Amino acid sequence: MPDSSPQKSMSPRESNSDLRAAVPDSVPEPRTAASDGAPDPRTAASDGAPDPRAAASDSAPCPRNAAPADAPGSRDAAVQTHDLAFSYDGDTFVLQDVTIRIPRGEFVAILGGNGSGKSTLAKHMNALLMPDHGNVTVLGHDTADEESTYVIRSQAGMVFQNPDDQLVASLVENDVAFGPENLGVPANELRQRVDESLSEVGLEGFQTRETAALSGGQKQRVAVAGVLAMRPDILILDEATSMLDPQGRKKLMELCHQLHREGKTIVMITHFMEEAAQAQRVIILNGGRVACDGAPEEVLTQSDLLEHLNLDVPFACTLSLELQKRGVPVHVHIHPDSLKEELCRLHSNA
Ligand SMILES: Nc1ncnc2c1ncn2[C@@H]1O[C@H](COP(=O)(O)OP(=O)(O)O)[C@@H](O)[C@H]1O
Ligand SMILES: [Mg+2]
């Protein structure tokens with residue numbers, strides 16, 4: 001279990017000047033541990049013949065979710081940003097006019113090219129950065145209110161790209177205990193939280209394993225367990241699957257779905273389209289602004305727009321469009337399995 005000193009010396013996180021700079025002195029740093037008539041041809045609806053115009057996806061408008069403002073203090077939204085603008089150097093704005101509302105319990109994917117502002121936005125959701133303009137509320141708490149920093153950090157847990165940047169202790173159980181310990185969770189409850197969190201990520205029995213000897217996927221799951229041990233409502237994963245092998249990515253996605261079913265809000269920043277396709281909603285950032293915000297079936301089928309934004313097009317979508325061009329009457333899919341099912345149906349009806 002955790003050693004008696006609550007602060008480990010020189011954790012990797014402590015050497016992260018970016019994060020450290022944003023942490024007010026008075027607040028303990030918790031663990032911040034990713035058509036008409038016929039059915040809409042751009043969706044994977046399975047009945048009816050697809051409309052060949054579906055291939056002309058550049059003509060479809062980019063969906064934009066309305067983001068109605070909640071009453072001040074409302075806890076209905078997990079995260080709400082209003083006219084958020086932010087500049088690191090006081091000169092160039094890397095986020096501008098960002099107004100989004102993520103309801104509690106939603107699974108949202110955030111996409112965008114390199115430098116589009118995804119990580120900067122994520123850090124605003126965790127009160128690691130403060131807006132220069134506009135505001136950000138997390139579960140109704142304004143991130144600019146220093147008195148709320150503690151509750152925001154404990155309720156919005158971050159998992160970063162590289163687990164080595166996040167793991168702080170040499171033993172798994174000490175690592176998982178680090179966040180709740182910093183939150184002041186009493187020692188008798190720590191053991192229970194550590195054990196529960198490890199079991200939730202599928203690492204029962206790993207308590208006394210050396211973190212350094214784990215695989216990348218296991219390390220990332222320890223990082224997630226460390227965040228879960230703080231019992232957050234919101235899990236923010238900033239490209240947390242990008243260093244994992246396909247099996248590790250799949251397992252982490254399954255864990256996110258499980259946590260989502262248990263009621264957690266999931267904000268997953270990713271550049272894997274197949275992961276984004278599994279979310280309930282996709283937000284695309286471009287040059288620090290929201291370029292698109294809608295259901296995956298609406299957003300991820302816009303191949304021209306995605307290419308314009310330097311993003312991949314989901315493989316199932318590309319394949320559906322190619323098949324349509326060759327006269328195969330399929331809908332445009334974003335999930336390979338649903339495309340496969342439709343092709344099998346077509347084949348058996350032929
Ligand atoms: N600590 C920093 N100091 C100065 N500029 C930064 C810092 N972090 C990111 N930036 C700049 O802000 C912009 C957005 O970066 P970031 O949010 O990391 O984008 P993304 O996560 O989408 O790749 C980029 O132009 C990046 O160079
Ligand atoms: Mg980033």
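Guide: Welcome! One open sheet here has six strands in the order E6-E7-E8-E3-E9-E10, with mixed pairing. The model is predicted: local features need pLDDT of at least 70 and side-chain atom pairs count only at pLDDT 80 or more, while totals for chains, interfaces and linings use all residues. Residues are numbered from 1 along each chain as its sequence is written, and chains are lettered from A and ligands numbered from 1 in the order in which they are written.

Visitor: What makes E6 and E10 edge strands?

Guide: Strand E6 (156-159) and strand E10 (289-294) each pair on one side only. Strands are DSSP runs of at least two residues, and helices (H or I) of at least four, both numbered from the N terminus.

Visitor: How do you know that E3 and E8 pair?

Guide: Pairing needs at least two bridges found by DSSP. Strand E3 (residues 107-112) and strand E8 (residues 265-269) have four, in the parallel sense, so they count as paired. One bridge sets Ile 110 against Ile 269 in E8.

Visitor: What about the other sheet, and which strands are its edges?

Guide: That open sheet has four strands, ordered E2-E1-E4-E5, with antiparallel pairing. Its edges are strand E2 (93-103) and strand E5 (141-142), each pairing on one side only. Seven bridges join strand E1 (residues 77-87) to E2, and Gln 80 stands opposite Arg 101 in E2.

Visitor: Why are H4 and H6 called oblique to each other?

Guide: The axes of helix H4 (residues 172-182) and helix H6 (residues 216-228) come within 7 Å and cross at roughly 40°. Axes are lines fitted to C-alpha atoms, for helices over the stretch in contact, and angles run from 0 to 180 degrees between N-to-C directions. Under 35 degrees is roughly parallel, over 145 roughly antiparallel, 65 to 115 roughly perpendicular, and the rest oblique. The angle of H4 and H6 falls in the rest, so the two helices are oblique.

Visitor: Which residues make the contact of H4 with H6?

Guide: H4 brings Val 172, Asp 175, Val 176, Phe 178 and Gly 179, and H6 brings Val 222, Ala 225, Gly 226 and Val 227. Contact means C-beta atoms, placed from the backbone, within 7 Å.

Visitor: How many of these are nonpolar, polar and charged?

Guide: Six are nonpolar, two polar and one charged. Ala, Val, Leu, Ile, Met, Phe, Trp, Tyr, Cys and Pro count as nonpolar, Asp, Glu, Lys and Arg as charged, and the others, Gly among them, as polar.

Technical notes: Contact = placed C-beta atoms within 7 Å.
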